[in-house]
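Hi there,

Here is the structure I promised to pass on to you. Have a look at it first, and my notes follow below.

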Amino acid sequence: MGYVGLPLAAEFSKQRPVVGFDIDQKRIKDLKSGFDSTNELNSEELIALPELLLTSNKEDISSSNCFIISVPTPIDEQKRPNLKPLLEASKTVGKILKPGDIVIYESTVYPGCTEEDCVPVLEKYSNLIFNTDFFCGYSPERINPGDKDHTIASIKKVTSGSTPETADLVDSLYKEIIKAGTHKAPSIKVAEASKVIENVQRDLNIALINELSIIFQTMDIDTEDVLLAAGTKWNFIPFRPGLVGGHCIGVDPYYLTYKSELEGYKPQIILSGRNLNDNMALYVVEQLLGAMTSRDIDIETSRVLVMGLTFKENCPDIRNSKVIDVVKELEKKKIQVDIIDPWADHEETKLKHDIDIKKEALKGTYDAIILAVGHKEFIEKGPSAIRSFGKRKHILYDLKYLFSSADTDMRL
């Protein structure tokens, strides 16, 4: 019942009885009380779902005949797929699977994962035969956390099934809730591949712009000026440089490259782009320290304010946030770092990353200010109010192009 599962369960519950299951008892308790920490649904929306049973009791899902699995698919420290949540969820479902049931996966995986990794677990714990006793589908999630315009019903959905009949059934099921329509893929593998390359494409496009930004920096050219000029052509793609984090773009390419290497091909372009984007946090810190040194700001005694910690604007999600990498790199230099973020959960950031978030910044205190996330609250403050946090001599580094070059000292 996270960013993907909760909105999905909510939409389906408007059409039929739904059980929303999560092993996190606190999460279920919060949702029952009308509080959604992901901000995908407000209390009024949660209360208005009488056909949605929220539970952490496995017995409550045993009577279901269609199971939709939407657990996280992260990577480990070696940047290899971590399928543990997916396989544990498959084990849970497998123990209660009945003849005729359908299991649909929404988690982002590499092509072949559903049938090669998940199905054997379902068969093992159910003692049932795939495509004889039970069937599978795959319909990749396309949730955009924090986006109130592109909601689940308004985003076209890719569907697939393990047999032609199952594919038709899965497609008709999603058509009940997806107003934008569906696209029925010819196989589960095609549907899996379509999802993973969506984010590979975005990752590579941002990597290109990040590299261009680095090149233009050496030439003393403003990247934004170049992009605005190039953007006057009708088919120029309007990407901007930045930190690439989150649960999708910074993770999914490694799923595809992992599977590709198993098949005997080592990707070149995908891994090169991923490497560049993974190292942007270090580049940001190096650029800032260089600017501080050029302005005779003592790095050893400096104090830096980082504005924003989540992986994207107006969203509480801190998963794989590259701003955290920026903070860690600054701390390696023994720089005192203060962080403010009106969206991030302070307890979660402390528990998972040992990072303290301050309630507010201190005026006239900082040698450098990094605008790391484009939260609406920061935009509303404006550059003058933000600069009031700095000392008389300070640097305002805008990573998100929130303000003009005239209002800032540095932009990515």
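**What I found**

The accessible surface of the protein comes to about 19900 Å², and carbon and sulfur atoms account for 51% of that area. Please keep in mind that this is a predicted model.

Starting with the overall picture, there are 14 helices and 12 strands in the protein. Its radius of gyration is 23 Å, close to the 22 Å that the globule rule gives for 412 residues, so the protein is as compact as a globular protein of that length. The C-alpha trace spans about 75 × 50 × 40 Å along the principal axes. Of the 412 residues, 52% are buried. If we take contacts between residues at least 6 apart in sequence, 73% of them join residues at least 24 apart.

On charges, I count 51 positive and 63 negative side chains, with the centres of the two sets 2 Å apart.

I then looked at one helix in detail, α12, which covers residues 322–332. Which of its residues are buried? They are Lys-322, Val-323, Ile-324, Val-326, Val-327, Glu-329 and Leu-330. The cover over these buried residues includes the helices α10 (269–278), α11 (280–294) and α13 (346–353), along with the strands β8 (303–307), β9 (336–340) and β10 (366–371).

At the start of α12, a side-chain oxygen of Ser-321 comes to within 3.3 Å of the backbone nitrogen of Val-323. Just after α12, Lys-334 has a positive phi of about 65 degrees.

Best wishes

Terms used:
Residues numbered from 1 in each chain as written. Predicted model: local features only at pLDDT ≥ 70, side-chain atom pairs only at ≥ 80, totals over all residues. Heavy atoms only, no water. Buried < 20%, exposed > 50% of the residue type's maximum accessible area, 1.4 Å probe, protein only. Helix = DSSP H or I, 4+ residues; strand = E, 2+ residues; numbered from the N terminus. Contact = heavy atoms within 4.5 Å. Polar contact = N/O pair within 3.5 Å; in protein donor to acceptor, adjacent residues only side chain to side chain. Rg over C-alpha atoms; globule rule 2.2 N^0.38 Å. Areas by Shrake-Rupley, 256 points an atom, 1.4 Å probe, with all protein chains shown as cover. Lys, Arg positive; Asp, Glu negative; His and termini not counted. Charge placed at Lys NZ, Arg CZ, Asp CG, Glu CD.
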